[in-house]
Amino acid sequence: MIIGGLGAFIAPFMVSLVVEVIVGAFFAIGGVVMLIQVFTTNDGWNARVTYLILGLFNTVAGVMLLFRPLEGLMALTLVMIVAVFVSGLIRIAVGVMARPEPGSGWVIFGGGLSVLVSLYLMTLYPEVSVVLVGVMVGVSLIGEGAGYIRLAYGLKNNVSVAI
């Protein structure tokens, strides 16, 4: 996983496009499944209308992501930046509500850092769209790989591994 993460840092644009295509395929397939549920469900008209609306939305979104990858990549990047921002705000609120518990300051600090990073990324948008998803995948893979190495090291040496 660490090697894959380093590879994502070498070619972040390609990784970003691959992720975007995978997300598009999942949206399109999920939308088609929901459209099939319109005709196969026994849950009544409310469920059928819900499946129809969600199925159409997901199918159209998936097809757009598949056939307009650069625009889709921009949209996914914007969604990711907004998600980091909202997550940071929520962590700040949780940290403030948890005061004076130990560690609440760290939660507030982490939330504030997420808000600041997302605001910085918004200043770089849309230029950052072509690489941000790939860089995030790289960071995630490296973090996961390091975690597995730590777990394996602890299991090999019969050491308790705190997670």
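Ala, Val, Leu, Ile, Met, Phe, Trp, Tyr, Cys and Pro count here as nonpolar, Asp, Glu, Lys and Arg as charged, and the others, Gly among them, as polar. This is a predicted model: local features need pLDDT of at least 70, side-chain atom pairs count only at pLDDT 80 or more, and totals for chains, interfaces and linings use all residues. Residues are numbered from 1 along each chain as its sequence is written, and side-chain values use heavy atoms, with hydrogens and water left out.

**Stop 1: the largest pocket**

Select Val-23, Phe-27, Ala-61, Met-64, Leu-65, Arg-68, Glu-71, Gly-72, Ala-75, Leu-76 and Val-79. These residues line the largest pocket. The search runs on a 1 Å grid over the protein atoms alone; a pocket is an open set of points with protein on both sides within 12 Å along at least five of seven lines, and lining residues have an atom within 4 Å of a point. The volume is about 170 Å³. That volume is the space filled by probe spheres set on the points, which are joined across faces, edges and corners; the probe is 1.4 Å.

Colour the lining by class: 8 residues are nonpolar, 1 is polar and 2 are charged. Now colour by helix. Helices are DSSP runs (H or I, at least four residues), numbered from the N terminus. Which helix supplies the largest share of the lining? It is α4, with 5 residues. Helices α2 (12–40), α3 (45–67) and α4 each supply at least two.

**Stop 2: helix α3**

Stay with α3. Its 23 residues should span 33 Å at 1.5 Å a residue, and the end C-alpha atoms are 32 Å apart, which agrees. The expected span is 1.5 Å times one less than the number of residues.

Select Ala-47, Gly-55, Asn-58, Thr-59, Ala-61, Gly-62 and Leu-65, the buried residues of α3. Buried means under 20% relative accessible area, exposed over 50%, and partly exposed in between (1.4 Å probe, protein chains only). The cover over these residues includes α2 and α4.

**Stop 3**

Go to Val-38 in helix α2. Buried or exposed? Val-38 counts as buried, at 10% relative accessibility. Leaving aside neighbours within four places in sequence, Val-38 is in contact (heavy atoms within 4.5 Å) with Arg-48, Tyr-51 and Leu-52. Draw a line from its C-alpha to that of Gly-143: 41 Å, across 105 residues of chain.

Next, select Ala-25, also in α2. At 27% relative accessibility, Ala-25 counts as partly exposed. The C-alpha of Ala-25 lies 27 Å from that of Asp-43, 18 residues away along the chain.

Then pick Val-15, again in α2. Val-15 touches Ala-8, Gly-134 and Val-137, not counting residues up to four places away in sequence. Its C-alpha is separated by 27 Å from that of Ala-152, 137 residues away along the chain.

**Stop 4: Thr-77 on α4**

Move to Thr-77, in helix α4. Thr-77 is buried, with a relative accessible area of 0%. What does Thr-77 touch, not counting residues up to four places away in sequence? Its contacts are Tyr-125, Val-128, Ser-129, Leu-132 and Val-133.

**Stop 5: two cis peptide bonds**

Select Arg-99 and Pro-100. A cis peptide bond joins them, with omega about 5 degrees. Pro-100 sits in the loop between α4 and α5.

Now select Tyr-125 and Pro-126. These two are also joined by a cis peptide bond, with omega about 10 degrees. Pro-126 sits in the loop between α5 and α6.

**Stop 6: helix α5**

Finish on α5, residues 104–124. The helix has 21 residues and reaches 31 Å from first C-alpha to last, close to the 30 Å expected. Show its buried residues: Ser-104, Gly-110, Gly-111, Gly-112, Ser-114, Val-115, Ser-118 and Leu-121. They pack against α4 (69–98) and α6 (132–156).

How many aromatic pairs does a search of the whole structure find? It finds 1. Trp-106 and Phe-109 form this edge-to-face pair, 5.9 Å centre to centre with 90 degrees between the planes. Rings of Phe, Tyr and Trp (its six-membered ring) pair if their centres lie within 6.5 Å; planes under 30 degrees apart count as stacked, over 60 as edge-to-face and the rest as tilted. Both partners lie in α5, 3 residues apart, about one turn of the helix. Trp-106 counts as exposed, at 67% relative accessibility.
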